Amino acid sequence: MVRSEHTWEEVAGWVHQSSPLMSSFSTAWLVVRAIQIFLVQIGMLLLEIGSISPKNTKAMIIKNIGNSSISAICFYLLGYGFSFGENGDDFVGWGGFATKGAMFANATAVGNISYNGASYAHFIYYFCVLNLVPTIVAGSLSERTHVVAYFVVTFFISLFITPVVMHWAWSNKGWASYHSRYLMNTGVLDFAGSCVVHVSGGIMALVGAYVVGPRKAASPVKGVISGCPDKM
């Protein structure tokens, strides 16, 4: 496989300079994909509701709404900077917190400078991707954790854990990125979040399910589970 010595930012800059219209289409397409990914939340919510008892439906809806709200705040304040900050090292990024910094400096209309929303589109897209990880964990903890406990877990997942994993694989400076000098000098090519989202989310879901244990209900027969308790 032939490796390129140029970063995605350099390639995007060349495309923008050569064809502003193409750059606009690329930005619009990124926003459309972000909307599609965010709508996955609805599908996952329906799947989770169909897997639990009816009395816990409202709690599951509250979890999903709170999940998106907490993830948005955490990713905006610190998460995006930990993922794609222009400063940082192999482990974590630094910069671009609260959509500030060099990467967002020219992303607003100032005087005669035309508006360039590529940086904000990038932020929105990766927020929607990150938002899926706590939802995967929520499905594994259905009917076995309180809402507040789940929100605390979501806070740490969205603020630091997932952003750091995103930095490893998707940032040009990450130790497992395509441009990394580690891993036999090839890095990781993550396809559609198969590692960053699904593997990391699945591992956290597995650990969470092991910690909280199986669903328990009042049953005269040992080892027989009859129904689901309302513990949310």
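Is Asn172 buried, partly exposed or exposed? In this predicted model, Asn172 has a relative accessible area of 23%. Buried means under 20% and exposed means over 50%, with partly exposed in between, so Asn172 is partly exposed. The residue sits in the loop between α7 and α8. Its C-alpha atom is 8.4 Å from that of Phe84, although 88 residues of sequence separate Asn172 and Phe84.

To place these elements, consider the chain as a whole. The chain contains 9 helices and 2 strands. Followed along the sequence, these elements come in the pattern α-α-α-β-β-α-α-α-α-α-α. The chain has 232 residues, and 41% of them count as buried.

Two of the helices can be looked at together. Helix α3 covers residues 57-84, and helix α7 covers residues 147-170. Two packed helices are described by the angle between their axes and the distance between the axes. For α3 and α7, the angle is about 35 degrees and the axes are 8 Å apart. The crossing of these two helices is right-handed. The residues of the contact between α3 and α7 divide into 17 nonpolar, 8 polar and 1 charged.

Helix α7 also holds Phe155, a residue with a relative accessible area of 34%. That value lies between the limits of 20% and 50%, so Phe155 counts as partly exposed.

Which class does Tyr178 fall into, buried or exposed? Its relative accessible area is 16%. This is under the 20% limit, so Tyr178 is buried. Tyr178 and Asp190 are 12 residues apart along the chain, and 9.0 Å separates their C-alpha atoms.

Another tyrosine, Tyr125, is part of helix α5, which runs over residues 118-130. Tyr125 counts as buried because its relative accessibility is 18%, and the limit for a buried residue is under 20%. Tyr125 and Val31 are 94 residues apart in sequence, yet the distance between their C-alpha atoms is 6.5 Å.

The last two residues are considered for their backbone angle phi. Most residues other than glycine have a negative phi. What is the phi of Ala98? It is near 55 degrees, a positive value in a residue that is not glycine. Ala98 lies in the loop between β2 (93-94) and α4 (102-105). With a relative accessible area of 17%, Ala98 is buried.

Glu143 also has a positive phi, of about 65 degrees, and is not a glycine. Where is Glu143 found? Its place is in the loop between α6 (132-140) and α7. The relative accessibility of Glu143 is 0%, and therefore Glu143 counts as buried.

Key
Residues are numbered from 1 along each chain as its sequence is written. This is a predicted model: local features need pLDDT of at least 70, side-chain atom pairs count only at pLDDT 80 or more; totals for chains, interfaces and linings use all residues. Side-chain values use heavy atoms; hydrogens and water are left out. Helices (H or I, at least four residues) and strands (E, at least two) are DSSP runs, numbered from the N terminus. Buried means under 20% relative accessible area, exposed over 50%, partly exposed in between (1.4 Å probe, protein chains only). Axes are lines fitted to C-alpha atoms, for helices over the stretch in contact, and angles run from 0 to 180 degrees between N-to-C directions. A crossing is left-handed if the near helix is turned anticlockwise from the far one by less than a right angle, and right-handed if clockwise. Ala, Val, Leu, Ile, Met, Phe, Trp, Tyr, Cys and Pro count as nonpolar, Asp, Glu, Lys and Arg as charged, and the others, Gly among them, as polar.
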